[in-house]
Amino acid sequence: MTAAGHFKRVALIGFGLIGGSIARAAKLQGLASEIITTARSEATRARVAELGIVDSVVATNAEAVEGADLVILCIPVGACGAVAQEIAPYLKAGAIISDVGSVKGSIVKDMAPHLPANVHFVPAHPVAGTEHSGPDSGFAELFINRWCILTPPEGTDVSATERLRAFWAAMGAKVEIMTPDHHDLVLAITSHLPHLIAYTIVGTADELGQVTSSEVIKFSAGGFRDFTRIAASDPTMWRDVFLANKEAVLEMLGTFNEDLSKLTRAIRRGDGEALFDHFTRTRAIRRGIVEIGQDSAAPDFGRPHLPLKKQ
């Protein structure tokens with residue numbers, strides 16, 4: 001942990017998987033003298049207080065951000081603009097304001113107009129998560145060896161960006177800086193489109209009349225099981241993501257549909273060579289992901305297997 005990554009008071013607005021993981025990691029690494037949080041639900045605030053992870057749980061966003069050196073919005077992207085407007089009068093001069101949304105163009109458009117000129121706006125996207133949500137879902141190790149992308153708008157103070165970079169790096173993340181528009185294009189293909197496909201496949205299976213629901217669940221040990229993990233992600237968050245990044249998602253979806261048509265023709269024509277070449281290329285991409293440490297090379301994706309008992 002470096003001094004640059006330490007903040008006297010960190011305010012987290014929202015306390016689900018990401019907010020809870022930030023709190024746990026920052027506390028473990030000594031990155032904040034004080035962590036204060038709030039959440040929309042009274043029940044969530046009560047549960048956070050029970051967990052004892054943060055120093056203080058308050059009822060309103062305004063109270064949470066008052067006096068904070070770092071404010072992170074850990075809420076769905078669709079809610080960020082209204083919250084920025086709400087907290088603007090209470091922000092400390094010189095504070096860094098950030099978020100964790102997986103769409104950045106709309107975040108800049110929705111939040112920046114409301115923020116005062118005497119604060120530093122540095123949007124962020126930790127590319128990490130699970131299919132779980134809520135205050136109990138977070139864990140301090142979530143960001144280790146995962147990317148966190150910072151997208152500071154043009155003219156943002158460089159030292160503020162570097163402080164936030166050091167904060168995320170101290171929690172184990174690898175930090176990259178890019179423009180909001182480029183971020184949205186990259187994430188449209190690496191994250192948003194895969195989620196859209198997963199939601200579609202799981203929905204198609206649910207509507208398939210020739211296959212009963214029990215059979216879909218019973219035989220889900222194949223690829224369908226892995227799609228269901230993605231499709232179990234938070235519905236509110238992903239609704240907002242697709243609406244906020246619709247141009248980039250539609251562009252990638254068009255390219256995907258063209259590639260899908262090529263594979264459809266290859267299957268219809270019995271073109272095994274085309275299928276083999278395509279699958280060989282995509283397999284190499286998977287190996288590349290493993291080689292850079294973004295996933296495990298363990299058999300069956302590292303899932304545990306029960307021992308075979310001798311009869």
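Author: Happy to. Residues are said to meet, or to be in contact, when they have heavy atoms within 4.5 Å. Please keep in mind that this is a predicted model.

Let us start with the whole chain. The protein chain has 311 residues, and 39% of them count as buried. Its secondary structure comes to 12 helices and nine strands. Among contacts with a separation of 6 or more, 75% join residues 24 or more positions apart. The chain exposes about 16900 Å², with carbon and sulfur atoms supplying 57% of that area.

Now to the pair of helices. Helix α7 covers residues 180-207 and helix α9 covers residues 223-231. The two pack at an angle of about 115 degrees, and their axes lie 8 Å apart. The crossing of α7 past α9 is left-handed. On the α7 side, the residues that take part are P194, H195, I197, A198, Y199, I201, V202 and A205. Facing them from α9 are F224, F227, T228, I230 and A231.

T161 counts as buried because its relative accessibility is 6%, and the cut-off for buried is under 20%. Leaving aside residues up to four places away in sequence, T161 touches V122, L150, P152, T156 and I177.

Technical notes. Residues are numbered from 1 along each chain as its sequence is written. This is a predicted model: local features need pLDDT of at least 70, side-chain atom pairs count only at pLDDT 80 or more; totals for chains, interfaces and linings use all residues. Side-chain values use heavy atoms; hydrogens and water are left out. Axes are lines fitted to C-alpha atoms, for helices over the stretch in contact, and angles run from 0 to 180 degrees between N-to-C directions. Helices (H or I, at least four residues) and strands (E, at least two) are DSSP runs, numbered from the N terminus. A crossing is left-handed if the near helix is turned anticlockwise from the far one by less than a right angle, and right-handed if clockwise. Buried means under 20% relative accessible area, exposed over 50%, partly exposed in between (1.4 Å probe, protein chains only). Accessible areas come from the Shrake-Rupley method with a 1.4 Å probe; for residues, only the protein chains shown count as cover.
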